[in-house]
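Trainee: Hi! I'm new to this one. Could you walk me through it?
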Amino acid sequence: MPHPRPSAPKEKSTAFEVRAWMLLGLTLLAGLLAAPAHADRLDDIRQRGELVAGVKTDYEPFGFRDAAGNTVGYDVDVATGLAEAVGAKLRLVPVTSANRLQKLAAGEVDILVATLGDTLDRRRLVHMAEPGYYGGGASILVPEASPIRDWADIRGRTLCAVQGALWNRLATARLLADVRAFGNVRDAELALRDRGCEGFLYDEAALQHLVATGAWEGYRLLPADFVSPWAVAVASDGSLATLVEDRIAEWLRDGHLLDLEAKWKLPPSAYLREAKTLWSAVGADGKPICHRQDDGAWPTACRELKLIEARQLYGLAGLALSLRDSLGIDLTPFYDPFDGAAILRGLGVTVALALSVLFGSLAVGTAGAAALRARVPIATPLVRLAVTLLRMTPPLLQLYVVFFGLGSLIAAHGLTLSSFLTAATVLSLYAGAANAAAIAEAAATIAPTMPHRLKRIAALSHPAVMGSCINVVKATAMASAIAVPELVHVSTNIAADYGNAAVMMNVLLACYIAIVLAVAHAFTWFERRYLSR
């Protein structure tokens with residue numbers, strides 16, 4: 001007869017929790033203070049003879065791979081011209097909307113030429129070169145039969161998008177759309193085809209290119225909105241920033257950027273035409289109106305006034321901004337109401353998903369263990385096979401197979417899969433398979449006639465079940481891959497907008513440690529209250 005497992009002393013558990021919180025505090029402090037220093041890099045670039053530019057490789061025709069595997073496009077040509085102006089060779093580094101600002105802040109690239117919309121928030125993080133080298137807006141790709149006819153119709157509608165795109169925040173905050181941002185263009189397109197959303201919100205030029213390929217027959221585009229300039233970004237002010245701005249201004253005056261637009265068969269950009277008119281205009285003295293003033297700045301008439309306005313915030317928001325400006329600790333959710341609300345919503349979704357997965361995995365585990373112990377011909381071997389497959393298959397792969405694979409099959413019949421329910425079901429089955437095996441093994445060691453048999457089975461399987469449930473709670477972060485708006489998804493979006501990856505990842509770490517400690521405490525309480533007596 002097995003001896004009951006002694007429960008850990010309360011003092012030991014309390015000491016463990018204290019150490020865990022101390023470790024959390026030290027981790028947060030180290031992460032928050034790890035703000036990279038930005039220095040002008042022009043001399044270093046010329047010394048090493050190489051300009052490192054971050055460009056996209058999934059955004060035709062601005063940055064993509066041709067048939068030979070080379071990265072080409074409008075942005076690549078701009079980066080090439082800037083390297084020539086610097087007097088250095090060009091090295092390209094692939095970036096995405098979600099990681100481009102982080103790579104610049106970390107010093108992995110010298111400049112970004114990556115369809116980066118110029119905004120006031122981004123100017124607080126990096127130097128956005130003036131003037132912009134292109135300008136465009138957003139559009140929405142929808143089925144021909146869609147009731148979405150103009151931008152006012154997207155209120156409450158579900159839209160697929162790409163993490164880090166400027167338009168996501170604007171469509172959500174201003175037009176109250178339900179934006180589900182995926183990690184890349186491919187996944188967003190798949191979700192639209194599988195009717196996981198009602199439209200694909202993305203850059204107008206990219207969507208026009210998609211439609212022109214003929215691959216989206218039966219779909220249409222909304223007129224462009226949220227038009228803004230695109231800027232080359234460098235880490236900070238200095239001679240590199242000045243050189244970049246002067247060369248772009250020269251290209252606007254001589255029409256070089258319009259030539260690139262024609263070369264890559266882009267639709268006519270109103271921004272480029274208006275900018276050429278402005279920057280090529282000359283005054284009575286024969287000099288360009290848009291020239292460097294004595295302080296090195298462009299004249300106010302040549303700048304985007306909405307991007308140089310200052311705002312003042314007080315209270316907690318003001319303190320958060322002071323930390324950002326003085327120490328580089330950008331606690332965005334504490335001064336930005338939109339991001340603060342997004343974090344709270346993400347936390348709520350994460351808690352709901354964690355609870356769903358916990359109860360689901362326990363239910364699946366109990367039922368699965370009963371089926372394994374029943375020894376029913378055909379049925380029991382099938383359950384054993386299912387348990388093995390679920391345990392051995394990575395949960396992320398299971399999410400993709402169900403959401404995109406099964407989702408595409410049922411979409412043909414007019415049905416759609418909920419990303420939240422998909423994640424809850426897949427993760428419940430994944431952890432439930434492990435729980436079923438643990439409970440069945442515990443049951444095999446307890447005699448059927450033993451008193452309090454179920455309680456003894458629960459006590460014996462408790463450590464394994466507890467470990468499985470804690471692991472699956474941590475695995476809920478994988479739900480962000482199919483655009484479940486939980487903490488990881490929201491934090492990634494904020495980091496993509498503000499480039500404060502270190503801060504947001506530490507905020508995310510704190511939230512997950514709190515959730516995991518709560519789950520562990522609940523299991524420990526249950527063991528002490530019901531299983532150790």
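Trainee: Which strands does helix α3 lie across?
Mentor: Helix α3 (residues 74-86) lies across β1 (50-56), β5 and β6 (111-112), at about 145° to β5. Angles run from 0 to 180 degrees between N-to-C directions of axes fitted to C-alpha atoms, for helices over the stretch in contact, and contact means heavy atoms within 4.5 Å. Helices (H or I, at least four residues) and strands (E, at least two) are DSSP runs numbered from the N terminus. This is a predicted model, where local features need pLDDT of at least 70, side-chain atom pairs count only at pLDDT 80 or more, and totals for chains, interfaces and linings use all residues. Residues are numbered from 1 along each chain as its sequence is written, and side-chain values use heavy atoms, leaving out hydrogens and water.
Trainee: What's the strand order in the open sheet of 5 strands?
Mentor: The order is β5-β1-β6-β14-β7, with mixed pairing; two strands pair if DSSP finds at least two bridges between them. β5 (89-95) and β7 (127-128) are at the edges with a single partner strand each, so one side of each has no neighbour in the sheet.
Trainee: How many bridges join β7 to β14?
Mentor: 2 bridges, and these strands run antiparallel. Met128 has Ala233 in β14 as its bridge partner.
Trainee: New topic: how many residues of β9 are buried?
Mentor: 5 of the 5 in β9 (residues 158-162) are buried, so the strand is largely enclosed by the rest of the structure. Buried means under 20% relative accessible area (1.4 Å probe, protein chains only). Thr158, Cys160 and Val162 are on one side, Leu159 and Ala161 on the other.
Trainee: And in which sense do β9 and β10 pair?
Mentor: Parallel, over 5 bridges. Thr158 stands opposite Asp178 in β10.

Terms used:
Buried < 20%, exposed > 50% of the residue type's maximum accessible area, 1.4 Å probe, protein only.
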